Amino acid sequence: MQRTDNDSWEITQSVGSTALGVAAARAAETESENPLINDPFARVFLNAAGKGMWTLYADPDLLAQAREIEPEIGARAQLMVDFMATRTAFFDEFFLAAADSGVRQIVILASGLDARAWRLPWPDGTVVYELDQPKVLEFKNTTLEQHGARPTSQVVNIAVDLRQDWPTALQESGFDPTQPTAWSAEGLVRYLPAQAQDLLFERIHMLSAPGSWLASNVPGKGAIDADLVQRQREEMRRIRAVAARLVDAEVPAVEDLWYPEERTALTDWLRERGWEATEADFPELMDRYDRVVPSGSEYSMPPTLFVSARKPASA
């Protein structure tokens, strides 16, 4: 499942399957005893997609069977759920803060199975542009329509590969670059080559009027350390082997979808261009939401930075 320049995917394939992994973690968190987030549509997507490796995170019975095969898999699964729960809360709060400041133009890049346009309390007049692969958006919208879900904003779907000329597609769909925008690039960057990451944020910067907001999670320091990458690959291989024994479906090698390359430091890059930017790593984010990173988990989650930025209105 190696990446190619013009590869595409169904929701259960390649990068598409990672959206189901995120949905599984959001479903597990939503249905937990003390949920940090509430995503009622995550389970809807999982039911529509059927079983896959993602099922381990959201099916307690299957997870119990997995623990019998690989005792440590329960802790790894919980860490994955915690990671996605805190990541989701980070982006939810970012968007609500931007909306409270008066921003009414939202752009979700690589929207996947993000249901914020349906579940967040957007102010009247908010337009949410969702960009992703055509088959991913088709699955998402068909599933939500069949479930009777109604968006809480005006949703504009833009079926485009982010490696193509998405700024033109965005503007042709009604986006106004003279108005402040809240942008998100969630769970996206490590699936892009380093050069494509630079182009992505350069385009966002050029399309951002003063008063715009931006949030992203990006690989942190040490993310491409050879020993760490190898340990992560071995851990994923063991989890994949367990999933293959329990789930009658193809289990993708998700780690082959990442680009472990040296990257531009996003926070510094934004500050150099006049943005007010802050960052937090995963342990700091967990602490913010009163959760604890278990000992030894540095081998389970790639080092990640959560970046939030605003382009001053006077810029």
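Which residue forms a salt bridge with Asp 82? Arg 291 does, and the closest N and O atoms of the two sit 2.7 Å apart. Arg 291 lies in the loop between helix H12 (282-288) and strand E7 (304-310), while Asp 82 belongs to helix H5 (residues 73-100), so this pair ties together parts that are 209 residues apart in sequence. Both Arg 291 and Asp 82 are buried, which here means under 20% relative accessible area, with exposed being over 50% and partly exposed in between (1.4 Å probe, protein chains only).

Some ground rules before going on. This is a predicted model, where local features need pLDDT of at least 70 and side-chain atom pairs count only at pLDDT 80 or more, while totals for chains, interfaces and linings use all residues. Residues are numbered from 1 along each chain as its sequence is written, and side-chain values use heavy atoms, with hydrogens and water left out.

**Charge pairs**

Side chains of opposite charge can pair when their charged atoms come close. A salt bridge is counted when a side-chain nitrogen of Lys or Arg is within 4 Å of a carboxyl oxygen of Asp or Glu. The whole structure has 18 of them.

| Pair | Closest N and O atoms |
|---|---|
| Arg 291 and Asp 82 | 2.7 Å |
| Arg 43 and Glu 31 | 2.7 Å |
| Arg 163 and Asp 161 | 2.6 Å |

As for Arg 43 and Glu 31, they salt-bridge at 2.7 Å, linking distant parts of the chain: Arg 43 is in helix H2 (residues 42-49) and Glu 31 in the loop between helix H1 (14-30) and H2, 12 residues apart. Helices (H or I, at least four residues) and strands (E, at least two) are DSSP runs, numbered from the N terminus. Arg 43 counts as partly exposed because its relative accessibility is 24%, and Glu 31 is partly exposed too, at 49%.

Most residues other than glycine have a negative phi. Ala 110 goes positive, with phi near 55°. Ala 110 is in the loop between strand E1 (105-109) and helix H6 (116-119), and is partly exposed at 24% relative accessibility. Asp 290, also not a glycine, has a positive phi of about 60°. Its place is the loop between H12 and E7, and Asp 290 is exposed, with a relative accessible area of 72%.
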